[in-house]
Structures are given as structure tokens and as C-alpha cells.
Amino acid sequence: MKIVIFGLTISSSWGNGHATLWRGLCKHLARSGHSVVFFERDVPYYAGARDLYELPGGVLRLFANWDDVRQAASAEVREADVAIVTSYCPDAIAATELILAEGRAVPVFYDLDTPVTLAKLTAGESVPYIGPRGLRDFALVLSFTGGPHVADEFRNRLGARETRPLYGHVDTDIHHPVTPQPHYRADLSYLGTYSEDRQRPLEALFVAPALARKDLRFLIGGAQYPDDFPWSPNIYFVRHLPPSEHAPFFASSRLTLNVTRRAMAEMGWCPSGRLFEAAACGVPLLSDDWPGIADFFTPREEILIARDEHDALAALAMPDAELRRMARRAYDRTMDQHTSDKRARELISMIEQTTSSRVSRQQIEEA
């Protein structure tokens, strides 16, 4: 199967959650014998922090503007079985029009930012990666978010015909237990790009415990942190970690924190890929609470939930042996359900089901 993707970025993991997910997915699609071509607009802020230059087993097409690549994109789509457009792709609408005009590849939309998309629609704001016809022309809409209401929301607001969840995942070639590194040592770590809407829970679950436990070492890794962030002497900082450094970062932590973007937390059933990455590296998980989290990890058995500073401090006070047992259970759950190779198989299965239904409908219409 040939799959053409028009996405935000796969070449740079700086300041976005798309790249790492696409790398794992595309790698395992290629290993399963599928052909992948990824089109990405070459923008300065990703070019300056690029950490992938070739797509293993596939083709990465960087381009300066849509007009320059339109002809090449048309040729690739004309030969493709599937063409995927993603949220926040700067050329999403133009790519959608091209795919539909060619009329051969199964058109798929993958919203890796479902809560943001639906929040904008609810607020009456435009969504720059969705055209005036909404999603009604796509044979399949994939959502990074699951739960009981997403399919109805996409159908009622955007005309989507078929919506299925395709959750985050972890590439176990990159994220796995490794030897701890002294420079990443931490009693509590947090890996994530700065986001204003995560600031309040981050202060409650990370900064406040650091102030209360000055005897412990706290570590943040990520990009775009402002100068006025409330640092304390026992909070250390690593600016932007490429995926190759995630495993030693996590493996050097006694406990790691996950904080979910506000829109994701409010909607629920939207696990950050960071959860699966950390679990795959064998570190105990501490997370903010949101609806549906128990569908991915069982609280108190595979993950600890913190609703305030006191919960975070209680987690830090737990015995090492109990934390290790919890981490092992989370690791086993992740290996069983949340790896990139499993998501790649899920994707192909959903595409095959959609293709089969599409052919059946065409045959009925022609009869």
C-alpha cells in the first residue's frame, strides 16, 4: 500500500507533538511493507531545530511553498492508495483539494489536535486546516481523541462520515529502559514544551512540591520556557531534548510527571504520547486527572493520579519498591497495547475496512 501524508512536521521534534508520533508510525508502516511519502513545508523554526533528515523506509519531501511542490504532490497522490491530511498542516486545504481532484487515493483526515479543533468550532472560530466543506469528503477521519462523543461532534459539526480513534503510541526502538545518567538525575522530572494552559497544573504538581521538598532534585526538559517561569534552586532545566535523549531522561527519574493540555484534559480520552514513552522507559508515572485515563492505565496500579500539591508530595513519599512495581505494570501494559507497531497495524486495518466499505458502496450505486 502506498500512503502519502501531508503533515505539520516529521523532521523536527522541536515544540510539537506530531513529529515523534509520525516517526514511529511511518517506520513501522515501512517495516510492514508499505510505502510512505511525507510532505512537509520547510519552515524556519523547524529547519533550525531539525533532528531527522531522511525517513527510514520512506521519502521525506520538504518544500518551500505549495506552488513549488504541487506537481510532484499530484504525481505521488495519483499513484497512492491512501492520502492523509493532518491537523495544523499549513497546506491542508490545498492538499485536500488536490487529493479529491485526483480521485484515486482513499482520502483520510487525521486530527492530532481534536480537542483544539472542537474548542475552536464551539467558540465560533475558523479552523485553518479544514476547508468550507468540513470533513464530509474524507472517507475516514482519524482522531487523536476517543471517548463517547467525538464521532458525533465530527459528524454534526463537520459532516464526517466515519470517525475512529488513533491514539498516541511509543516507538520502542527509541524509548526503552537504559542506564540512568547523572546529569538527568531527578526525584521528579517533567518533559514537555512550555504551554500557558499547562502552567497552573504544572505549578501545583511540580513547582509547589519543589518548594516544599528542597531536599529533592526536580528536572524540566522542554522548549519555549519564559524567563519569568517560577524557578527554584532545586529545579534544573534542559532546553529541548531530541527523541534520542528521552530514554536516558526518563530512566534517570525516580518519578516523572505528565501534565495534559487544558482542552485535552477537559475532553478526556486523549493520552499524550509522553505517557507511553515514559512507561516504555520504565519510569513510574504521575499524571494530572482527566476523563478516560483509566482506559489506558489503571490508577494506583499502573499510574498515580495527582489533583493537587498534596497528591504529588504523597507520590514522592512512596517507597521505591512500590514505585518500581507500578512502573513494571505500566511497562507491560504499554508493550501490550500502546506501541507504534500496533498503531501502524490499527491504521492499516481501519484503512482496509474503509476501502472495503467504499468499494461495496460503489458496487451498489453502479448496480
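Where is the place of Thr 256? The last view below gives the answer. This is a predicted model, in which local features need pLDDT of at least 70, side-chain atom pairs count only at pLDDT 80 or more, and totals for chains, interfaces and linings use all residues. Residues are numbered from 1 along each chain as its sequence is written, and side-chain values use heavy atoms, with hydrogens and water left out.

**View 1. An open, parallel sheet of 7 strands.** The strand order is S3-S2-S1-S4-S5-S6-S7; strands (E, at least two residues) and helices (H or I, at least four) are DSSP runs, numbered from the N terminus. Two strands pair if DSSP finds at least two bridges between them. Strand S3 (59-63) and strand S7 (163-165) are at the edges with a single partner strand each, so one side of each lacks a neighbour in the sheet. On average, neighbouring strands here are turned by 20 degrees against each other, direction ignored. Look next at strand S2 (residues 35-41), which pairs with S3 in the parallel sense over 5 bridges; Phe 38 has Leu 60 in S3 as its bridge partner. Helix H4 (residues 92-102) packs on this sheet, touching strands S1 (2-7), S4 (82-86) and S5 (106-111), and its direction makes about 160 degrees with that of S4. Axes are lines fitted to C-alpha atoms, for helices over the stretch in contact, and angles run from 0 to 180 degrees between N-to-C directions.

**View 2. An open, parallel sheet of 6 strands.** Here the order reads S10-S9-S8-S11-S12-S13. Strand S10 (235-239) and strand S13 (304-305) are the edge strands, each with a single partner, so one side of each has no neighbour in the sheet. Strand S8 (residues 188-191) and strand S9 (residues 218-222) run parallel, joined by 4 bridges, and Leu 188 stands opposite Phe 218 in S9.

**View 3. Helix H10 meets helix H12.** The axes of H10 (residues 273-280) and H12 (residues 320-337) come within 8 Å and cross at roughly 115 degrees. Phe 276, Ala 279 and Ala 280 of H10 make the contact with Ala 330, Tyr 331, Thr 334 and Met 335 of H12 (contact means heavy atoms within 4.5 Å).

**View 4. Thr 256 and its surroundings.** Thr 256 lies in strand S11 (residues 256-258). Thr 256 is buried, with a relative accessible area of 3% (buried means under 20%, exposed over 50%, partly exposed in between, with a 1.4 Å probe and protein chains only). Leaving aside neighbours within four places in sequence, its contacts include Tyr 190, Phe 250 and Leu 286.
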